[in-house]
Amino acid sequence: MVTFTTALVLLVLGYIVYGAFVERVFGTDLSRKTPCYTMADGVDYTPMPEWKVYLIQFLNIAGTGPVFGAILGILYGPAAYLWIVFGCIFGGAVHDYLSGMISLRKNGASLPEVVGDELGAGVRFVMRVLSLVLMVLVGTVFVTTPAGLLASMTEGWGAWGTSLFWSVVIFIYYILATLLPINALIGRIYPLFGLALLFMAVGVLVGIYTHDGWMPEITSAFENHHPDRKLNVFPMMFITIACGAISGFHATQSPMMARCMKNERMGRHVFYGAMITEGIVALVWAAAAIKFAGSYEGLVSLMASSGKSNPAIVVNAICRDWLGTTGAVLAILGVVAAPVTSGDTAFRCARLIASDFLHYRQNGILRRLVVSVPLFLIAAVLMNINFDILWRYFAWFNQTLSIFTLWAVTVWLARKGKAFYVTLFPALFMTAVCTTYILVAAEGFGLPYLPGCMAGVLMAAFLLGAFVRWYVRMKKVGPQAG
């Protein structure tokens with residue numbers, strides 16, 4: 001309990017202290033007019049109040065990652081607490097804030113355009129492909145996940161209580177959320193989803209302090225407790241707990257809110273703050289899962305009670321036991337709301353990415369249909385693929401995207417003569433993590449562990465060398481203004 005409470009306090013202090021530092025590094029300018037005014041179109045560029053922009057950003061990036069990922073991640077031991085806290089403060093929140101604010105400075109440009117401006121035309125093309133693939137994968141995955149949860153809640157309703165029925169309902173909602181102006185649907189219903197999600201997190205947090213049970217302490221932080229000893233803490237835990245610490249998907253969502261922010265002062269609350277909030281949610285669920293189960297073995301057994309490892313069982317059991325029937329329904333709705341509110345904006349983001357590189361304006365409904373229909377058709381086909389396979393590819397695309405974003409932001413900061421080390425070190429670490437993962441994971445190349453780790457470190461060292469050479473040449477020219 002001491003470790004958990006300390007971690008919770010550190011996340012809050014991280015927002016207050018390090019968040020303010022990163023804000024100064026970027027250099028907010030309250031006199032700048034933001035894109036919601038300079039490029040207002042009533043569809044995507046629309047001024048919105050700060051609380052609403054923050055809430056939409058938080059729901060956009062949440063998904064099931066900070067819940068399911070944290071539950072799976074705590075199996076590695078208290079090292080999960082360290083990664084959630086320090087990964088969130090120094091990695092994920094910095095990644096989200098700076099990528100969002102750079103997009104704001106570039107008139108709400110989508111992530112591939114932001115990265116391409118800094119890393120070149122070739123990387124821009126790769127990012128366009130990666131981002132579109134990731135968005136469609138996210139949208140597809142986040143149809144099947146909430147549909148399954150809703151089906152379990154409505155079992156016995158006949159045809160209305162099936163995964164197929166709820167998949168169709170959710171998919172129709174995604175189409176509407178993608179095509180309609182952002183204030184017409186997303187801006188109206190997200191506050192309701194947000195209340196359910198916040199109720200869930202607060203209720204479970206109270207349960208952690210009011211219920212008996214065992215929790216791991218930091219004394220054994222680096223001991224691997226995962227039942228499958230082939231899954232090493234490095235790099236597996238850092239990929240498993242993605243959205244609760246750092247996630248490339250987040251930077252794809254930030255431009256949507258950059259197009260709705262009234263001034264740059266909102267950035268720390270909207271981007272850095274939303275990521276810290278997600279870190280708190282991840283921390284709460286990691287602690288709740290292990291305390292409720294009573295041991296690592298107990299948690300594994302609970303997840304496997306349906307015949308396969310399923311963290312949704314843990315969510316359902318904790319909510320029903322700690323929050324009662326009514327509280328459980330609201331809490332489960334919060335868990336359902338998280339993926340739904342990431343899936344709808346994933347498709348919307350895909351539309352914006354495609355329209356940006358096609359230079360195709362989105363002010364008319366027919367224009368939005370031209371871009372969106374192919375995306376929906378691809379997603380409909382992908383829904384027939386096994387969910388586990390989809391999720392593994394989603395995880396790889398997601399974290400790979402964060403590497404491109406961190407290196408692009410590092411270059412942008414260096415060009416401006418700013419403290420680029422705030423993203424350089426996270427970029428190096430995530431490069432090593434993701435390279436090692438794809439080399440040693442079963443769904444990757446399946447190489448032996450030690451050679452895979454060495455290759456990951458060498459890749460990070462190679463990119464560091466390339467950056468240093470570029471930086472030396474750039475310094476001869478001098479930093480850019482603005």
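Predicted model: local features only at pLDDT ≥ 70, side-chain atom pairs only at ≥ 80, totals over all residues.

Student: How much space lies in the second largest pocket?

Tutor: The general idea is that rolling a probe the size of a water molecule over the atoms shows where empty space is left. Here, the second largest pocket holds about 390 Å³. It has 19 lining residues, and M39, Y45, R259, D356 and R361 are the closest to its centre. Helix α14 gives the most to that lining, with three residues. Sorted by class, you get seven charged, six polar and six nonpolar residues.

Student: Which residues make the nonpolar surface patch?

Tutor: V9, L10, V12, L13, I16, V17, F86 and F90, covering about 670 Å². Helix α1 gives the most, with six residues. F86 sits in helix α5 and is partly exposed, at 41% relative accessible area.

Student: And how many salt bridges does the structure hold?

Tutor: Side chains of opposite charge can pair when their charged atoms come close. This structure has 13 salt bridges. Take R105 and E264, at 2.6 Å from N to O. R105 is in helix α5 and E264 in the loop between α11 and α12, so the pair ties together parts 159 residues apart in sequence. E264 counts as buried, at 2% relative accessibility.

Student: Which residues do shared partners join into one network?

Tutor: Start with E118 and R415, a salt bridge at 2.9 Å, N to O. Both residues are buried. Through shared partners, salt bridges join K106, E113, D117, E118, R124, R128 and R415 into one network.

Conventions. Residues numbered from 1 in each chain as written. Heavy atoms only, no water. 1 Å grid on protein atoms, 1.4 Å probe; cavity = no way out; pocket = protein on both sides within 12 Å on 5 of 7 lines; lining within 4 Å. Points joined across faces, edges and corners; volume = space filled by probe spheres on them. Helix = DSSP H or I, 4+ residues; strand = E, 2+ residues; numbered from the N terminus. Nonpolar A, V, L, I, M, F, W, Y, C, P; charged D, E, K, R; others polar. Patch = residues over 30% accessible without salt bridge, like charges linked within 9 Å, V, L, I, M, F, W, Y side chains within 5 Å. Areas by Shrake-Rupley, 256 points an atom, 1.4 Å probe, with all protein chains shown as cover. Salt bridge = Lys/Arg side-chain N within 4 Å of Asp/Glu carboxyl O. Buried < 20%, exposed > 50% of the residue type's maximum accessible area, 1.4 Å probe, protein only.
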